[in-house]
Amino acid sequence: MLIAVLLAAPGCDGPSDSAGPGAAGAPAGAGTRSAAEAGRFTGRVALVDGSPITLPGVKYAVTINGVTAVGERNSFSPKVGPDGTFKLELPPGMFYPPFGTITFPFEGKNYVAPLEPLDPVEETRDGAEGIVQNFAWRLTGPKASVLNPDPANATHWYGISIPVLRSIYREDTKAPQTPPSDGTRITWTLTPTSKRIDGADAVPVTMERSTGPNAPVSDALHDLPPANYEVSAVATLPDGSTQRVLVLAAASGAYQPTANVILEPYSNSGEMVTMRVYWVLE
């Protein structure tokens with residue numbers, strides 16, 4: 001799962017691949033498959049539009065597991081070339097659906113993300129007939145393994161998710177906070193402060209969320225193109241008037257109009273993790 005880190009107290013593009021949960025189309029190359037080469041595992045890793053991945057320092061891990069004709073369980077990982085293609089001779093046997101990951105640098109740190117199999121075949125396949133599996137590095141959109149993606153479930157999407165929580169008490173002013181009126185809408189704006197993780201230009205993103213005294217305190221902004229952002233928000237009240245939203249900044253411990261969302265790798269897995277974004281009405 002790809003998610004982000006906000007520099008706040010703990011508690012949480014060029015054209016993007018999708019406009020948010022549920023808006024992603026089929027990856028480029030879906031519905032097509034190269035001819036299999038007898039006895040070989042072949043394929044290609046590329047961006048969603050089919051173009052090669054040119055980001056410097058990228059590494060791949062493509063793996064196929066199976067049971068050979070003599071009953072041995074084996075795992076094979078072909079070397080992926082600079083153009084994203086790979087080819088590996090397989091012993092006779094039956095093989096499970098292949099999978100892959102990409103390791104890539106971003107802002108001086110290394111991350112790991114899943115590769116999406118294009119035209120996946122769920123059944124085992126005979127290595128003697130040859131096996132083809134192409135992969136795409138998808139930054140946003142529903143994960144291929146999810147049959148019915150839930151717009152509110154961060155694990156169903158390739159993009160990052162940023163939890164946003166309404167504070168019920170302000171430590172900086174030592175004051176409880178009155179919840180917004182029913183029907184209040186919060187418009188979040190994320191202005192990129194870096195390129196996307198694939199090296200393409202990031203673009204501003206806006207998302208709207210409803211809130212009120214009976215709404216959950218916690219919410220999240222899902223399936224965002226992975227990049228570093230400056231986050232801000234404004235509330236539209238039921239009478240149509242607007243009110244500025246303040247977000248908690250880690251450095252000062254105070255609420256202010258903007259804060260920075262910085263991607264960080266989680267532990268040894270390399271996945272992107274997040275801290276929560278706390279907010280109040282000004």
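This is a predicted model: local features need pLDDT of at least 70, side-chain atom pairs count only at pLDDT 80 or more; totals for chains, interfaces and linings use all residues.
Residues are numbered from 1 along each chain as its sequence is written, and side-chain values use heavy atoms, with hydrogens and water left out.

**The whole chain**

Begin with a cartoon view, where the protein has 0 helices and 25 strands; these are DSSP runs numbered from the N terminus, with helices being H or I of at least four residues and strands being E of at least two. Of the 282 residues, 43% count as buried, where buried means under 20% relative accessible area, exposed over 50% and partly exposed in between, with a 1.4 Å probe and protein chains only.

**The nonpolar cores**

Next select F104, W137 and W188, which have the most contacts inside the largest nonpolar core, a set of 48 residues. Strand β19 (residues 229–236) gives the most to this core, with 4 residues. A second, separate core of 6 residues includes L246, L248, Y278 and V280. A nonpolar core here is a set of buried Ala, Val, Leu, Ile, Met, Phe, Trp, Tyr and Cys residues joined through side-chain atoms within 4.5 Å.

Staying with W137, and leaving aside neighbours within four places in sequence, you can show its contacts (heavy atoms within 4.5 Å), among them L47, V48, I102, F104, P114 and D198.

**The aromatic pairs**

Now show the aromatic rings: the structure holds 7 aromatic pairs, counted for rings of Phe, Tyr and Trp (its six-membered ring) whose centres lie within 6.5 Å, with planes under 30 degrees apart called stacked, over 60 edge-to-face and the rest tilted. The rings of F41 and F86 have centres 5.0 Å apart and planes at 55°, so this pair is tilted. It joins distant parts of the chain, with F41 in strand β2 (residues 40–47) and F86 in strand β5 (residues 85–89), 45 residues apart. F41 and F86 are buried.

F135 belongs to strand β12 (residues 134–137), and 49 residues separate it from F86. For a further group, select F104, F106, Y111 and W137, which ring pairs link into a cluster.

**From F135 to F99**

F99, in strand β7 (residues 99–106), touches F135 along with A61, V62, T63 and N65, not counting residues up to four places away in sequence. F99 counts as partly exposed, at 43% relative accessibility.

Move to V245 in strand β20 (residues 242–248), which is buried with a relative accessible area of 0%. Its contacts beyond four places in sequence include I186, A233, P257 and W279; the C-alpha atoms of V245 and I186 are 8.2 Å apart.

Finish at R166, in strand β13 (residues 160–166), whose contacts beyond four places in sequence also include W279, as well as P179, T211 and V217. R166 is buried yet has no salt bridge, and the nearest side chain of opposite charge, D182, is 9.0 Å away. A salt bridge would need a side-chain nitrogen of Lys or Arg within 4 Å of a carboxyl oxygen of Asp or Glu; Lys and Arg count as positive and Asp and Glu as negative, while His and the chain ends are not counted.
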